[in-house]
Amino acid sequence: MTPPSSTLHLSRLAFQLSQEGRHDQALDLLRRGTQSEPSNPYLAVNLGFCAIAAGQSAEALTAFDRAEALL
């Protein structure tokens, strides 16, 4: 399965924000992405990794659980 190009763009932007230390903005972007595409496991995984970087372990676990359920 190949992720849609919109997913790649969103993921890259969130990664860039996270690398700049703007974790809250990256998380917000990925949260909105997973709300608009709730069946997209790529966004759920990216949300999980971003949540880890932001120190939000509970949200990371929830995101990874969601991604696993979608695969």
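## Salt bridges and buried residues in a predicted model

Arginine 22 is partly exposed, with a relative accessible area of 38%. On this scale, buried means under 20% relative accessible area, exposed means over 50%, and partly exposed lies in between (1.4 Å probe, protein chains only). This is a predicted model, where local features need pLDDT of at least 70, side-chain atom pairs count only at pLDDT 80 or more, and totals for chains, interfaces and linings use all residues. Residues are numbered from 1 along each chain as its sequence is written, and side-chain values use heavy atoms, with hydrogens and water left out.

Let us start with confidence. The chain has a mean pLDDT (the predictor's confidence in each residue, from 0 to 100) of 91, and 93% of its residues reach 70 or more. Among the elements of the chain, the lowest mean, 87, belongs to helix H1 (residues 5-19), and the highest, 97, to helix H4 (residues 57-70). Helices here are DSSP runs (H or I, at least four residues), numbered from the N terminus.

Now for the charged pairs. A salt bridge is a side-chain nitrogen of Lys or Arg within 4 Å of a carboxyl oxygen of Asp or Glu. The whole structure holds 3 salt bridges, and here they are:

| Pair | N to O distance |
|---|---|
| Glutamate 20 and arginine 22 | 2.7 Å |
| Arginine 32 and aspartate 28 | 3.3 Å |
| Arginine 31 and glutamate 59 | 2.7 Å |

Glutamate 20, the partner of arginine 22, is also partly exposed, at 43% relative accessibility. Arginine 32 and aspartate 28 are separated by about one helical turn because they are 4 residues apart in helix H2.

Which residue's backbone oxygen lies 2.9 Å from a polar atom of the threonine 34 side chain? That oxygen belongs to arginine 31. Threonine 34 sits in helix H2 (residues 23-36) and is buried, with a relative accessible area of 7%. Not counting residues up to four places away in sequence, threonine 34 touches Leu43, Ala44, Leu47 and Arg66; contact means heavy atoms within 4.5 Å.

Serine 18, found in helix H1, is buried as well, with a relative accessible area of 12%. Leaving aside neighbours within four places in sequence, serine 18 is in contact with His23, Ala26, Cys50 and Ala53.

Definitions and conventions: Helices (H or I, at least four residues) and strands (E, at least two) are DSSP runs, numbered from the N terminus. A polar contact is a pair of N or O atoms within 3.5 Å; within protein, one must be able to donate a hydrogen and the other to accept it, and residues adjacent in sequence count only if both atoms are side-chain atoms.
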